[in-house]
Structures are given as C-alpha cells and as structure tokens.
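Hello,

Here is the structure we talked about handing over. Please have a look, then read my notes below.

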Amino acid sequence: MSHTIVVSNRGPLTFRAGADGDLVPVPAAGGLASSLHRLLAGSGTTWASVAMGAADREAVTKGLMHLDGLDLVPVVIDDETYRQAYDVVANTTLWYVHHHLFDLPNRPRFDRRWRQAWEGYRAYNRAMADAVSQRAGDGDTVLVQDYHFSLLGRMLAERRPDLRTVHFLHTPFAEPALLGVLPDDVAAELLDGMAGYGACGFHCHKWEAGFLSCYSALGRERGKRLVAPATFVAPLGLDVDGVTGEAATDGVAAATEALRAEVEGRRVVGRADRMEPSKNIVRGMLAFEELLTARPEWQGRVVHVVCAYPSRTGLAEYLAYAADVEHTAERINHALGDGGGGGGRGWTPIVLSVSDDYARSLAALTLSDVLLINPVRDGMNLVAKEGPLINTEDGVLVLSREAGAWEELELDGGGALGVNPFDVAGTADALHAALTMSSTERTARAGSLSAALRGRTSADWWADQLAAAQG
Ligand code: F6P
C-alpha cells in the first residue's frame with residue numbers, strides 16, 4: 001500500500017525559547033495545522049513542514065522535533081529565504097491576490113526586491129521538493145496543503161514522476177483579473193507549478209471555478225494554451241467530538257460564565273477570528289454601529305463581543321489592521337456607550353479582546369444570539385462551522401456569501417443568513433433580522449445547521465484527498 005506524506009508550511013509542533021533559554025514545545029496553531037493534527041494523530045503519517053525560526057531549528061539539531069504516532073520531517077530553511085517566501089510572497093502577495101485584498105492604486109509594487117523574494121519562494125519550494133523526494137517511497141501519495149507550495153507540483157513531477165500528488169488550497173483562488181496583477185511570467189509559473197500536481201482541491205465550487213477560469217483567461221490573453229490539472233471540491237468538515245469536547249471543558253465553562261456576567265443579560269452579537277484583514281472585523285463593527293444608530297431601540301440592549309486573536313504579527317499590514325480594529329471599537333464605544341450617547345446605562349457596545357484566549361473565543365461562540373462571520377473572502381472559515389456546533393442559544397449565523405462555508409451552510413435559505421461583506425447597511429439589516437427572528441425559526445435554522453455540520457467530518461475531507469490522489 002502506498003504511504004502518505006502530508007506537506008504544509010506550519011507543522012503540528014513548534015518551539016519557542018523559554019525564559020532560561022530552554023526550548024518550550026508549542027502545539028499546532030491555526031485552523032489547518034490543528035485540524036490536521038487532530039485528524040492524523042497516531043496514524044504514523046509522514047508530515048513534512050518547515051522549521052519556523054531559530055528555536056525550531058535548534059530543536060531539529062537537538063532531535064526534539066518528534067511526536068509519538070507521527071513521522072515528522074522538519075525542513076530547515078534560513079531566515080532570509082523563509083522571510084522572502086512566507087512573509088513577502090505567500091502572505092503579502094499570494095494571500096492578497098487570492099483574497100482580492102490589494103488596494104490597487106497603491107499596492108502591489110513588483111520591484112527588484114520583490115523579484116528577489118520570488119527567488120526565495122522558489123528556493124523554499126525547492127527545499128521541500130528535495131525533502132519529499134528523498135523521503136518518499138515508490139508511488140507514495142503526497143498531499144500538499146496551501147498556497148505556500150504553488151510551485152512544488154511541477155518540481156515533484158520533474159523529480160519524482162512516480163508520486164501521486166495532490167494540492168489542497170485552504171484559501172480562495174483569485175479570479176483571472178486579480179491573478180493578472182502578478183507579473184506575467186510569475187502568474188504563468190504559478191499556474192504551471194499547480195498544473196504539475198495530479199489534482200488540485202478546493203473547499204467550494206466557486207474557488208474551483210476561479211482556478212479553472214485563470215487557465216482559460218490567461219492562456220487566451222497571452223496566446224498560449226494553458227492546461228489545467230484535474231480538480232475536485234472537498235469542503236473541510238469538523239472533528240465533531242473534538243470540537244464539542246473542547247467546548248465542554250471546565251475552562252470554557254468558566255469563561256462562558258465570566259462573559260455572561262460581563263454582558264449583564266444583554267443580547268450578544270459575537271465573533272471569534274484571527275486578527276486578519278480578510279476577516280472584515282472593522283466593517284462588522286461599522287454594521288453594528290449602524291444597527292445602533294438606525295434602530296436606537298437596540299442601544300443598551302445588545303453587545304458586540306469581538307475576540308480577535310493575534311496573527312502574523314511580523315507583517316506591517318496586519319499590525320495596521322489591528323490598530324484600525326482597536327480604534328474603531330474605541331470610537332464607537334466613546335460615541336455610543338456609557339458617557340457618550342448611551343444614556344449612562346453602564347453599557348459598552350463593543351467588547352473587544354485581542355489576546356490569544358481560546359477559552360474566551362469558544363465562550364463567545366457558545367453564548368452568542370447572533371454569530372457574525374463576514375469575511376471579505378475566505379477559503380472556508382471553520383469558525384462558521386464550529387460556532388453553530390457549540391452554540392447553546394440557537395444562535396443565528398450571519399455569514400458572508402464570500403466565505404467558502406456559504407455553499408454548504410445556506411441550506412436553500414434554511415441555514416445561515418447571507419450578507420454581502422462590503423454592504424455595511426445590509427449587514428446591519430441582517431443583524432436586526434437575526435436579533436428579531438422568532439424562536440421557532442431560530443430553533444429550526446440552528447437544528448438544520450447542526451445536522452449539516454455533523455453530516456460531514458474532517459475524516460471525509462481527508463478521504464476525498466486520498467481518493468483524488470488515486471485519480
Ligand atoms: O486559511 C489559510 C491558512 O493557511 C489556514 O489554513 C490557517 O489556519 C491559516 O491560514 C494560518 O496561517 P499561518 O500559518 O500563516 O498562521
């Protein structure tokens with residue numbers, strides 16, 4: 001039987017330097033690494049990922065990169081190459097292209113330094129190609145996760161044509177007009193790199209369609225025939241027992257009680273996200289503000305609980321976005337809360353936490369009357385699935401139609417309430433509709449969402465990738 005090798009940038013184990021210089025292991029962070037870890041724990045699967053920084057590299061040298069039940073292959077890359085590949089190309093170019101986040105009059109600027117970073121991205125993909133080629137047995141299956149490895153497909157096809165390779169993308173894929181922002185040769189190299197995989201998978205049909213249309217549109221524009229690889233759609237489901245088990249811990253119960261006390265019996269519009277420009281946290285707050293000003297009867301009666309935990313804090317764009325989130329919350333609280341226009345009711349309209357407090361995030365999802373998930377664009381958005389699964393209030397899911405999860409959770413109009421993420425007034429109306437929905441309808445929608453979420457698990461998603469590898 002062919003062995004499986006999974007490839008991702010972030011692995012299941014990373015290290016940080018402790019106060020006295022010792023190495024402290026830190027478990028997988030982020031949706032992908034933690035979901036994969038839960039899924040693969042104990043399976044003996046080979047997992048190749050990148051040693052992220054000095055502490056990880058030292059752990060590799062000391063032989064500490066080890067987890068029982070998994071065969072870890074840490075790939076060591078120097079800091080500068082990693083910065084070029086991860087920060088500049090993966091996270092501030094490809095992430096922005098695929099999520100349509102560029103402020104086009106000003107960014108991007110593909111100058112000579114960017115070209116050097118693209119060289120770094122190539123080197124980073126080559127380092128992974130070398131590691132996988134060395135480790136893989138004849139005919140092994142290689143399941144590659146995410147946009148960090150757009151070029152790896154072609155590299156593996158050239159080095160090891162015997163391997164069965166699949167790429168699974170956890171982000172959206174850019175529409176042709178946006179992919180066309182990349183320099184011509186870079187876009188062509190990226191599409192060729194992806195075409196080297198045996199198959200490419202997506203969380204929803206919309207991203208698959210965008211991907212395929214890039215081959216036809218860019219090929220037509222540039223007078224070349226670009227051949228797309230085989231594609232498939234496989235939405236990531238939840239580890240239902242894992243998620244409900246975490247929500248049932250004493251820590252989450254205590255955090256839920258504490259949050260209940262904080263909101264003092266008011267209705268709650270809640271959210272929990274990474275602090276990330278694509279999550280659209282600022283427009284969510286503006287929509288909440290518009291709800292309060294257009295319908296003042298809600299003032300003092302509802303609280304927006306926002307848990308935005310730190311992400312990619314090495315990137316200036318992320319720090320600027322975090323500052324915008326904090327200023328927006330402060331401004332709205334000052335204008336409308338206690339001491340402002342709120343009438344001295346001791347009410348803080350937006351309760352924002354920006355620390356990495358997992359228990360509080362789960363508490364917010366548990367007790368919300370409305371879950372607001374309004375990303376500009378999002379590959380899947382697992383919170384849109386975790387929230388309705390653990391919520392105890394028949395919470396109404398207000399969901400961006402640009403989240404991959406929308407295709408699965410709209411349930412022919414009987415699941416989530418859809419919003420256009422750019423439409424602040426429309427989002428405010430959706431919040432009002434959710435807050436005033438009858439209890440019968442809330443219960444029916446929550447029941448349908450829960451049934452849908454229990455009907456497809458992360459194991460189904462994994463099985464779909466293995467099947468795609470077989471062709
Ligand atoms: O959404 C894409 C993704 O790779 C997720 O799978 C993951 O949760 C997230 O980005 C985290 O990114 P990073 O590893 O850069 O923190």
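At what angle do helix H4 and helix H7 pack, and how far apart are their axes? First, some ground rules. This is a predicted model, so local features need pLDDT of at least 70 and side-chain atom pairs count only at pLDDT 80 or more, while totals for chains, interfaces and linings use all residues. Residues are numbered from 1 along each chain as its sequence is written, and side-chain values use heavy atoms, with hydrogens and water left out. Helices (H or I, at least four residues) and strands (E, at least two) are DSSP runs, numbered from the N terminus.

**Helix pairs**

Two packed helices are described by the angle between their axes and the distance between the axes. Axes here are lines fitted to C-alpha atoms, for helices over the stretch in contact, and angles run from 0 to 180 degrees between N-to-C directions.

Now the answer. H4 spans residues 112–135 and H7 spans residues 184–195. They pack at about 15°, with axes 12 Å apart. That makes H4 roughly parallel to H7 (angles under 35 degrees count as roughly parallel, over 145 as roughly antiparallel, 65 to 115 as roughly perpendicular and the rest as oblique). Their crossing is left-handed (the near helix is turned anticlockwise from the far one by less than a right angle; clockwise would be right-handed). On the H4 side, the contact (heavy atoms within 4.5 Å) is made by Trp114, Arg115, Trp118 and Arg122. H7 brings Asp185, Val186 and Glu189. By class, this contact has 3 nonpolar, no polar and 4 charged residues. For the classes, Ala, Val, Leu, Ile, Met, Phe, Trp, Tyr, Cys and Pro count as nonpolar, Asp, Glu, Lys and Arg as charged, and the others, Gly among them, as polar.

Next, H13 (residues 358–367) and H14 (residues 383–390). Their axes come within 7 Å and cross at roughly 65°. The crossing is right-handed. Leu362, Leu365 and Thr366 of H13 meet Val383, Gly387 and Ile390 of H14. These residues divide into 4 nonpolar, 2 polar and no charged.

**Cysteines**

The structure holds 0 disulfides (a disulfide is a pair of cysteine sulfur atoms within 2.5 Å). Cys204 is in none, and its nearest cysteine sulfur, that of Cys214, is 14 Å away. Cys204 is buried, at 2% relative accessibility. Buried means under 20% relative accessible area, exposed over 50%, and partly exposed in between (1.4 Å probe, protein chains only). Cys307 is buried too, at 4%.

**Backbone points to check**

Most residues other than glycine have a negative phi, and most peptide bonds are trans.

- Arg107 and Pro108 are joined by a cis peptide bond, with omega about 5°. Pro108 lies in the loop between helix H3 (79–98) and H4.
- Glu264 is not a glycine, yet has a positive phi of about 50°. Glu264 sits in the loop between helix H10 (250–263) and strand S10 (267–274). Glu264 is exposed, with a relative accessible area of 53%.
- Asn381 also has a positive phi, near 80°. Asn381 lies in the loop between strand S13 (370–373) and H14. Asn381 is buried, with a relative accessible area of 5%.

**One more residue**

Glu158 belongs to helix H5 (residues 152–159). At 60% relative accessibility, Glu158 counts as exposed. Glu158 and Ala129 are 29 residues apart in sequence and 9.9 Å apart in space, C-alpha to C-alpha.

Best wishes
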